[in-house]
Every structure is written in structure tokens, then in C-alpha cells.
Number of protein chains: 2
Amino acid sequence: MSNTVIIGIEEARSLCCGAFIAAGASAHNAAATAGALVRAEADGQRGHGLSRVPSYAAQVKTGKVDGRVQPRLEDARPGLFRVDAGHGFAYPAIQLALPELTSRARALGIAAAAVYRSHHFGVAGHHCEDLARQGLIAFVYGNTPKAIAPFGAREKVLGTNPVAFAAPYEPDPLVIDFALSVVARGKINAARQAGKSIPEGWALGPDGVATTDPEIALQGSMLPIGGVKGAALALMIEVMSACLAGSALSAEAPSLFDGEGDPPSLGQVILAIDAQALSGGRFAGRIRDLAALYAELEGARFPGTGRLGQRQRSEERGLEVPVSLIEEIRALL
Amino acid sequence: MSNTVIIGIEEARSLCCGAFIAAGASAHNAAATAGALVRAEADGQRGHGLSRVPSYAAQVKTGKVDGRVQPRLEDARPGLFRVDAGHGFAYPAIQLALPELTSRARALGIAAAAVYRSHHFGVAGHHCEDLARQGLIAFVYGNTPKAIAPFGAREKVLGTNPVAFAAPYEPDPLVIDFALSVVARGKINAARQAGKSIPEGWALGPDGVATTDPEIALQGSMLPIGGVKGAALALMIEVMSACLAGSALSAEAPSLFDGEGDPPSLGQVILAIDAQALSGGRFAGRIRDLAALYAELEGARFPGTGRLGQRQRSEERGLEVPVSLIEEIRALL
């Protein structure tokens, strides 16, 4: 990358935090949100990192995101609770949910939280990773504004609907985290900016026909992995997030990228299961055996290890960020 | 289909039941297993239907399946319990688990069961469907003997690892149920028998290179949907079934199709969540809104409706089964 600057993790955090406070967010919400974005950036997940700061700040300014709201925990059943994110950022709501989820899952063996009136929830794998470090298997389901058409149809209904999963494993949890589109929309945007065509199989045009033109693809829909099976998985995640949280459907949610329109009111559902308890004490041994099979095979990699290397490099050397982005964030202060 | 015969559902059930009893199974286990296979056949899921009867009976005869064992329920936590299938058929164990799971999920809002020392669990969607008819969101995760290589590797480690999901919806639940291989192994077998080649993208040869030769494909590995993402999903399901049930890994499990070798000792994990409770009473309305979006779109179909049509036809007209299969089953009596 040319025209980049190295910025320390602490410095990045206070820079982002300052931008959100200047936009009108409370100190608590600004810190939670800045922490999540910097953590994403440090792991190499730039699409959920500092690049979000300007649009997040814009949304606080216009009131599309309530930067001052305090998320509220609502009890539902011994093993279930809800968190009203109050049209604020998702991170303070998830931060409230995780310790409560941990304590209920420890007591009962399993628990679930539904976050509603929520927003972009960043790297879903991070929330799962935090729970897995507590000995819990974790799932996060969340919906996103519409991008994928139901199989056989032309019109977008489903989000790219990320799914994240983590399981306790030493020294670091197994983390699986991806969206159900073949590629992120950002890749198509990048091809358009570079004036390049995209491979067939990434997207359909608005007429439902496969396209290699990024311009047409952006007007159409993203293709899910695995054809009919991936489209069904995207639907499953829509049900597990929007329907189960009682939130907006992906088809109803406005953009997460600008300050225009209503709050997106997305939903996230988080599950936690005590792995050792359900397995009769066998989980830790069995996942070690499984990882050992991967370690023996040439070419195989237990997922999630790549980002740990990136994380360590970021901690040692700081974050390498485009100068233009840092300037854009500084201008918000 | 040529050389088929129509057989009534009740008649099919007692025929299969008789074959298992003749092989040495208890009346209870024979009835549970026969019921599940006939239900699969009635839904058009032939790979999990009557075609399994001869190999199931052979496994009872050699003791690879303990046909007389009574599955045992073991408490773990308020929201978790285990079922020891005792190297018997999976169905009596799952039949024991479902009502207990329902009552715990109603009381706590969420619950999970792990079935271990288990066997082939048939149509995973049926177990989920039963829970969804009780108002519960349900997941079933199960592993199967190895068939899929980790992404980038040559050697099989993971099963085709089906995932099933159902959600309450009127008049019939939404059911999503599929394996993570691009196609079932049976399709490759069928191509070999017909002397035809298979499309690229179904399987790899033992050298890890894509093949269109069914003979070589059967010695190699099945490709997962969606490349690296599907391989990660297959791993996730391996962790959610084998590791979380404390059972055999897919790489350790012998065939489910013959009487040779040790019991497969597979694992299944079943989750149940009270959908209305977690959604603050909004689930039923939201899934109706989502289904309405599908209904408006040309070409889109809410999954699971196809098999309901097949089920109704089977109930009205009986099952159309190859004569040779019925003769093979009759010979077991």
C-alpha cells in the first residue's frame, strides 16, 4: 500500500473515540465502538475497521444512530434474554450481552441473547471468540441490508448474512466467520473503481442474469456460495437473526454506510453452550484430536490462525492505514 | 421407474419392522427405526429410506448395531442432557431425546441434547420438523464417515456432515436440510453404474486433483459447496457433532452401509429454542412477513414445501418402491 501511515493501536483507539464523541456519542458508546473497529483493523478485517469511522460518525450526527442511548437488558426466560440496542451502535449492546450470556450459560449449560433495534455488528467472529475464551461454544447470527436474491429469483431479499462460530481450543479458539455471498460487495466496488471486470459467479445483474460487469452487478444481486444450498443458509440466518430477534428484515433495512434514512434496526442472536458439560467432559480432547488430523495434512489449515498472525503483527508494529483515511478521521475531531 | 411396486405406508412399516426383528432387534427399536425409514421414503428421501433396510438388518445380525439396547438419558445441566445410544440405532435415542428437549426448552427457553455412541440418523430435517411443530426453532448437527478433505488438502477427514434447521411456521414448519458436499455420494455411484462421467466440481481424485471419472472420484474425496467456506462449515458441523457429543470423529467412523467392523459411534447434537420467547412475541409475525416476500417473487420458493407435496402423494397413493428391494426385504423375514 502506498500513501499509508503507521498508527499505534492505542492512538487509533483514541482517534476513533474522539471522532464519535465529536459527532455526539457518549464516552461509553464511543469507546466500545472505537475498540471494536480498531480490533477489526488489527486483525486485518479492514471492511469492518477504521474505514467505517466516517460513516459511523455521519450516522450519529444525523441521528440515524443514537450515539447516547444506553442499551437495556430484558429478561425473557431463565436461558433467554433480550437487549434493546435502542437504535444505537451494536457494540455497546453486545458488550452488555456477553457477560450475562456467559453467566447464564455457565449456570444452565446453554443460553441465548437477542439484540434488537441494532446496527452493524462488525466482525462477528470477535464476539464468538470472546465467548469461546470462556469455555463456551458460540454462534452469532446477524442480518445485513439486502444483497442476495432467493434461489431462482431476481430480486434481493436476503442480506449477505454473516455467520460466526467459535469453539474453545488452546491456545486460541477455533473461529469460523464469513458472509454467505461468494465475495464481499467491496470487491465488486474495487473492480469498478479499477475499471476491471469481475469473474462470472460473483453476481447477477438486475435481470437475474450472470454478469461480469461490476457496474451492472452493483445494481443487481450478490450470488451466495453453493447455489441453492447457500441461498438456503442465507435464509436460515435471516430467520435466526431478523425473525428471532424480532427486528427489521434485511429487505427492510436501509444502508449502514450513510447518514440518510431511518435506523437500520437490525437483529443479532448470540448462542452460548458449555462445551465440556454437553460432551461429558470430552470436548477438549476431541477438538485436539481433530486439530491434530489437520496438522498432519499437507495444505490443511485449522481456520482462524491467519488472523492471529496479523493481530500479533499489528500489536508489535501498529496499524498501517491510508493517510487519506486518517486525515478524514482527524477532520471529524 | 420401471419394475416398481406400490406399497401402502402401514404395510411398508410392518415389513421393515419385521426385517429388523428377524435380524434380532427389539420390537421397540425395530418400530422406531422402521418408522423413520418409511417417513424418509414417503418424503422422497430415498437415500435415507427403504434402501437402508438390508444394510441395517445386516448390522444388527453381526452386532455392529446393538438392536436390543435401550438408550439412556443422562442429565448434565438444567439446559443440557446426554443420550447414550449404546451403539444401537440412532432413532430410538432421538425419540427419547425429543420430548425431554421440548420440555426443557419450554421451561428454560433453550436446551440442547447430545446423542453419543450413535449411528446413521436419517433425515435430519425430520427431527427438526418435529420440534418446530412444538413452536421451537431446532438445529440438528451430525457427523458421518469421512468423505470431504480439508480445504487445500488431499485426504478425507470430514463427513458430508448434514445440517438441518427448522422454524415454526403455519401450516408447516420451514425446514432446511442438506449435506455440505456438492452432491451426495450416491450420485457418483449412480454415474459409475451407468458408465457416465461426472461434472467437474463434484469430487477430487486421491491425488487431490479434480476428476470427472466416477471410479477415481469414489477413491478420492467429495467437494464441499462453496470451496473454502463450505469446507469450514463442514468442520463447524464436525465440531458441533463429533466433538460436542464426545463421539467418534468422521475420520474414525467405519461405514454405515455394511455389517463389517466396529460400531460407527457417531454423534448428534440437537438444539431447541423457544422462538416466541426470544423474539419478544414477534417471531411468528416476522417469519410470515419473510415468507410473503418470497411468495411475491417469481421463481423463489420457501424451502421444504417440495417434500410436503411428495409426502401427501405418498399418503394418498402409497410408496413406489423397486420390486427387487421389496423382495430383498421380504427375504429377511
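These legends describe close-up views of a predicted model.

**View 1. Chain A meets chain B.**
The contact draws on 60 residues of chain A and 60 residues of chain B. On the chain A side, helix α8 (residues 227–245) gives the largest share, 11 residues. Sorted by kind, the chain A side has 40 nonpolar, 9 polar and 11 charged residues. How is the size of an interface often given? The accessible area lost when the parts come together is often used.

**View 2. Two domains share chain A.**
Domain 1 of chain A is built from two stretches, 4–65 and 305–330. Domain 2 of chain A covers 72–278. Their C-alpha centres lie 20 Å apart. Where the domains touch, 20 residues of domain 1 of chain A are in contact with 18 residues of domain 2 of chain A. Look for α2 (27–42) and α3 (53–62) of chain A: each supplies at least two residues of the domain 1 side. The largest share of that side, 8 residues, comes from α2(A). The domain 1 side divides into 7 nonpolar, 9 polar and 4 charged residues.

**View 3. His28 sits in a helix of chain A.**
His28(A) belongs to helix α2 of chain A. Is His28(A) buried or exposed? His28(A) is exposed, because 12 other C-beta atoms lie within 10 Å, and a residue counts as exposed at 12 or fewer. Now find Leu266(A). It is 238 residues away from His28(A) along the chain, and the two C-alpha atoms are separated by 21 Å.

**View 4. A sheet of 7 strands in chain A.**
The strands follow the order β2-β3-β4-β10-β5-β6-β7 (chain A). The sheet is open, and its pairing is mixed. At the edges are β2 (72–77) and β7 (174–178) of chain A, each pairing on one side only. From one strand to the next, the twist averages 15 degrees. As a reminder, strands of a sheet pair through backbone hydrogen bonds, and the pairing is either parallel or antiparallel.

**View 5. Strand β4 of chain A and its partners.**
How many residues of β4(A) are buried? The count is 9 of 9, so β4(A) is largely enclosed by the rest of the structure. One partner is β3(A), which pairs with β4(A) in the parallel sense over 5 bridges. Within this pair, Val83(A) has Val115(A) as its bridge partner. Another partner is strand β10 (residues 266–274) of chain A. Here β4 (residues 110–118) of chain A runs antiparallel to β10(A), with 7 bridges. Ser118(A) stands opposite Leu266(A) in β10(A).

Helix α4 (residues 90–108) of chain A lies across several strands. They are β2, β3 (80–84), β4, β5 (136–142) and β10 of chain A. Relative to β4(A), helix α4 of chain A runs at about 165 degrees.

**View 6. Helix α1 of chain B and its cover.**
Helix α1 (residues 9–23) of chain B has 15 residues. From first C-alpha to last, α1(B) reaches 21 Å, close to the 21 Å expected at 1.5 Å a residue. Which residues of α1(B) are buried? Among them are Ala12(B), Leu15(B), Phe20(B) and Ile21(B). The cover over the buried residues of α1(B) includes β1 (4–7), α2 (27–42), α3 (53–62), β11 (319–322) and α12 (323–330) of chain B. Just after α1(B) comes Gly24(B), with a positive phi of about 120 degrees.

**View 7. The sheet of chain B.**
An open sheet of 7 strands runs in the order β2-β3-β4-β10-β5-β6-β7 (chain B), with mixed pairing. Its edge strands, β2 (72–77) and β7 (174–178) of chain B, each pair on one side only. On average, neighbouring strands are turned by 15 degrees against each other, direction ignored.

**View 8. Strand pairs in chain B.**
Strand β4 (residues 110–118) of chain B is mostly covered, with 9 of its 9 residues buried. Strand β3 (residues 80–84) of chain B pairs with β4(B) in the parallel sense over 5 bridges. Asp84(B) stands opposite Tyr116(B) in β4(B). In another pair, strand β5 (residues 136–142) and strand β10 (residues 266–274) of chain B are antiparallel, joined over 7 bridges. Which residue of β10(B) stands opposite Phe139(B)? Look for Leu271(B).

Technical notes. Residues are numbered from 1 along each chain as its sequence is written. Chains are lettered from A and ligands numbered from 1 in the order in which they are written. This is a predicted model: local features need pLDDT of at least 70, side-chain atom pairs count only at pLDDT 80 or more; totals for chains, interfaces and linings use all residues. Two residues are in contact if their C-beta atoms, placed from the backbone, lie within 7 Å. Helices (H or I, at least four residues) and strands (E, at least two) are DSSP runs, numbered from the N terminus. Ala, Val, Leu, Ile, Met, Phe, Trp, Tyr, Cys and Pro count as nonpolar, Asp, Glu, Lys and Arg as charged, and the others, Gly among them, as polar. Domain bounds come from an automatic or database domain assignment. The expected span of a helix is 1.5 Å times one less than its number of residues. A residue is buried if 20 or more other C-beta atoms lie within 10 Å of its own, exposed if 12 or fewer, and partly exposed in between; C-beta atoms are placed from the backbone. Two strands pair if DSSP finds at least two bridges between them. Axes are lines fitted to C-alpha atoms, for helices over the stretch in contact, and angles run from 0 to 180 degrees between N-to-C directions.
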